[in-house]
Amino acid sequence: MLSFENDYSRAAHPAVLDAVARANEHLYSGYGSDELTAQAKSKIREACDLPNADVWFLVGGTQTNQVVIDTVTPAYAGVVAVESGHPNVHEAGAIEFSGHKVLTLPHHNGKMDAAELDEFCKTFYADGNYEHMVFPGCVYVSQSTEYGTLYSKAELEALADVAHRYDMPLFVDGARLGYALTATGGDLTLPDLARIADVFYIGGTKVGALFGEAVVFTKNNTPKHFLTQIKQHGALLAKGFVLGAQFDALFTDGLYLQIARNANVAADRIREALKAKGYQLTFEAPTNQIFVTLDQPTIDRLAQHVKLGFTEKADDAHTVMRICTSWATTDEEVDQLIQLL
C-alpha cells in the first residue's frame, strides 16, 4: 500500500536519527539549557541572517500556535486568520481554549488579502461600540498555506504593514516552511521572512524531524518569561536536548532545504501527470501538497492501492482529496502512483 496521506508518516531523516543516537551517549542539562540546543540556535540565527534572533524549540505545531498566539496577543484580543487557517479549523479549538477568539477573514486559495485585513480593522475601529468587542490583536498566516499555496515577499510585506498599522504582530506558521522556501516560483527566503515577520516558526515535524518546531522572535520582542509560559501550556520538553540535536542536524550543511526540495520535485512530477491524464486540480499550488477533485468511483479505485488525505466535499458527487509528498518520498513511489492514476 502506497501512502501519500501526509508528510509526517516517516519517522525522521537518517541524519536526525543519527544525531539523536549520538546525543544518547552523553548527559545533558534539561529544558533546552544544553550545548546542543545552543549550537542549533546559533545555526538557525545564521540561516536567518539575524544574529539577535531569539530561538525556542517546542514539540509540535498545535502547541506552538497556541503558545505563541496566547503570549503575543493581549488578553482582551483575538487572532485574525483566514477561514481555512489551522487555528480556525484543525486545532480542536486550542486557541479559543486559551482565551482568544479566532477572527476570520475569507481566504483566497488559502491566503489572506492585505486590503481585506485593513478593511476589517478599519471597520472594527469605526464601530462606536468597539470597546465591547473582541479586538484584533494578532495576525496569523501560514507559509505554505493549508492549501499548499505561497505568499510572495510583497504579499507578506503588505500584511505586515497593515498589522503594524493597527499595533498587531504578524505571526507566520512555518509547519511546512521548508517546502515553501524551496518551491518553484517562490521568491521568499528565510532571511526575508525573518525581516518581515514579528515571529515565525521553522517546522521540523513535517520536514525531517522526529518532532519539533523552532520558534523565532525577530525584533527583540520575546514575551516576558517565555520559558515559564511554555511550561504553563504543557509544551516544555524536559529532554530539550533531543530537540536541539534534531535541529542541529537539520541546519548542518543545508540539509533542511535540501530534503524539503525533494518533496517539491516529487510533487511537480505528480502534478504534471495529473494534468496529462485530465484530472481536475482544485488549487494551483507549487509545494508538496496537491489537491485534486475526484469522483467517488475514482476514490474507491485508488483507495485499494494508495492512501490519500480527505480535505473536503466539493459537491454530492465529488470530494477534494490531498496527495502529499514529503522529504522521504522516493522516485519509485512517485512512479507507482502515476501508474495508478
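**Ground rules.** I'm working with a predicted model, where local features need pLDDT of at least 70, side-chain atom pairs count only at pLDDT 80 or more, and totals for chains, interfaces and linings use all residues. Residues are numbered from 1 along each chain as its sequence is written, and side-chain values use heavy atoms, with hydrogens and water left out.

**Entry 1: the domains.** I looked up how the chain is divided and got domain 1 (2-7 + 260-340) and domain 2 (14-255). The bounds come from an automatic or database domain assignment. Taken over C-alpha atoms, their centres are 27 Å apart.

**Entry 2: where they meet.** I found 19 residues of domain 1 in contact with 20 residues of domain 2 (contact means heavy atoms within 4.5 Å). The two domains bury about 1500 Å² between them, with 54% of it on carbon and sulfur atoms. Buried area here is the accessible area (1.4 Å probe) that two parts lose on being put together, summed over both.

How many salt bridges cross this interface? The rule finds 1, wanting a side-chain nitrogen of Lys or Arg within 4 Å of a carboxyl oxygen of Asp or Glu. Arg 176 forms a salt bridge with Asp 7, and their closest N and O atoms are 2.6 Å apart.

**Entry 3: Thr 325.** I found this residue in the loop between β13 (318-324) and α14 (331-340). Helices (H or I, at least four residues) and strands (E, at least two) are DSSP runs, numbered from the N terminus. Is Thr 325 buried or exposed? Thr 325 counts as buried because its relative accessibility is 0%; the scale is buried under 20%, exposed over 50%, partly exposed in between (1.4 Å probe, protein chains only). Its neighbours include Asp 7 and Ala 263.

**Entry 4: other salt bridges.** My total for the structure is 14. Asp 118 pairs with Arg 165, closest N and O atoms 3.0 Å apart. Asp 118 is in helix α6 (residues 114-126) and Arg 165 in helix α7 (residues 153-165), so this pair ties together parts 47 residues apart in sequence. Asp 118 is buried, at 14% relative accessibility.

Next I checked Lys 153 and Asp 192, whose side chains meet in a salt bridge at 4.0 Å, N to O. Lys 153 is partly exposed at 28%, while Asp 192 is buried at 12%.

Last, I noted Lys 275 and Glu 284, joined by a salt bridge at 3.6 Å, N to O. Lys 275 is partly exposed at 40%, and Glu 284 is exposed at 55%.

Note on methods:
Lists of a residue's contacts leave out its neighbours within four places in sequence.
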